[in-house]
Amino acid sequence: MSNLIKSLPKRLKSGLTPAEEKLLKDIENNEETIFSEGTDIGDPKNANQWGFNRTIRAELLHWLCTNQNIRAFISNKGIQIFGAKIKGTLDFQAINLPFIFGLFKCSMEGVILMDAETKSLNFNESHIGSFNADELTVKGDVFLDKVNANGEVRLLCANISAQLSCTEAVFENPEGEAFIADGLTVKGDVFLDEVNANGEVRLPGANISGQLSCEGAVFENPEGKAFSARNLKVRDDLFLDYKKLMVF
C-alpha cells in the first residue's frame, strides 16, 4: 500500500475507487494519471458510461491539494489527470495551489476557483458544468481549449501572468452570460479563436498586454448582447475576424 493511501483520512479511505488508488500511486511515482480504453481516452461527453475505474471524488482532490503534509509527495509536474470523471464540484475557493494542475478530457460537475492562487491551469477538452474563477490569480497560463461548459465561465477580475487560451471552446448559457471576464488582467495573449458561445461574452474593462484574437468565433445570444467589451484595453494586435456575431 502506498504512503499516500496510508495517509488518507477514514472518510476518504472508505470507498476508495480503483481510479483514486491509481492516481495516488502515480503521484508518488511522479507520473501523469491516464485513464483510457485501450489507447483511446474517449470523449468526456460519454462520461456517464465511465465506471469506478475512472471516477475520482472531488473531495479527494481537494484533500490532495490543500493538505500541507501531502505537498512533499507532489513533484514539479504537479497533478495531471487524463480521462477521469470527477464526482462532485471541485471547490478550490481561496486556496493556494503551488504546482501545475491539469484535468484533460475529464468530466466534472463544476469548478470553483474564486480568490484562489495557482501556478498554471489546464482543462483542455474537458466537459464542465460551470467554471467560477472570479479574482483568480495565476502565475502562468490558463488553458480552456476545446472545453465544453454548460453554464457560466467566470473570470471576473482574474489576474493571469501569461496567456489565456480558449481556442475551439464551447460556452453554453443561452439564458444569460456564457463567458464573463469583466476587469480581467492578462499579461500575455488571449485566444478566443473558433469559440462557439451561446450567451453573452463579456470583456468590459479587461486589460490585455498581448493580443486578443477572436478569429472564426461564433457569438450568439438569444436574450440580448452577444459581445460586450466597453473600455477593453489591448496593447498588442486585436483580431475580431469572428465568423458570426448575432444578436436576436
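Predicted model: local features only at pLDDT ≥ 70, side-chain atom pairs only at ≥ 80, totals over all residues.
Biologist: How many aromatic pairs does the model have?

Modeller: The count comes to 6 aromatic pairs. In one of them, the rings of phenylalanine 101 and phenylalanine 123 have centres 6.5 Å apart and planes at 55°, so this pair is tilted.

Biologist: Where do phenylalanine 101 and phenylalanine 123 lie?

Modeller: Phenylalanine 101 belongs to strand E6 (residues 96–104), while phenylalanine 123 is in the loop between strand E9 (117–122) and strand E10 (127–128), so the pair ties together parts that are 22 residues apart in sequence.

Biologist: Are phenylalanine 101 and phenylalanine 123 buried or exposed?

Modeller: Both phenylalanine 101 and phenylalanine 123 are buried. They also belong to one aromatic cluster with Phe92 and Phe131.

Biologist: What about phenylalanine 171 and phenylalanine 179?

Modeller: Phenylalanine 171 and phenylalanine 179 form a stacked pair, at 5.2 Å centre to centre with 25° between the planes. Both of these residues are buried.

Biologist: Changing topic, which residues of helix H3 are buried?

Modeller: In helix H3 (residues 18–28), the buried residues are Ala19, Glu20, Leu23, Leu24, Asp26 and Ile27. Seen down the axis of H3, they fall within an arc of 165°, so they line one face of the helix.

Biologist: What do the buried residues of H3 pack against?

Modeller: Their partners are helix H1 (3–7), strand E1 (33–34), strand E2 (55–57), helix H4 (58–66) and strand E3 (79–82).

Biologist: Which residue follows H3 with a positive phi?

Modeller: H3 is followed by asparagine 30, with a positive phi near 55°.

Key
Residues numbered from 1 in each chain as written. Heavy atoms only, no water. Phe/Tyr/Trp six-rings, centres within 6.5 Å; stacked < 30°, edge-to-face > 60°. Helix = DSSP H or I, 4+ residues; strand = E, 2+ residues; numbered from the N terminus. Buried < 20%, exposed > 50% of the residue type's maximum accessible area, 1.4 Å probe, protein only. Arc of directions from axis to C-beta. Contact = heavy atoms within 4.5 Å.
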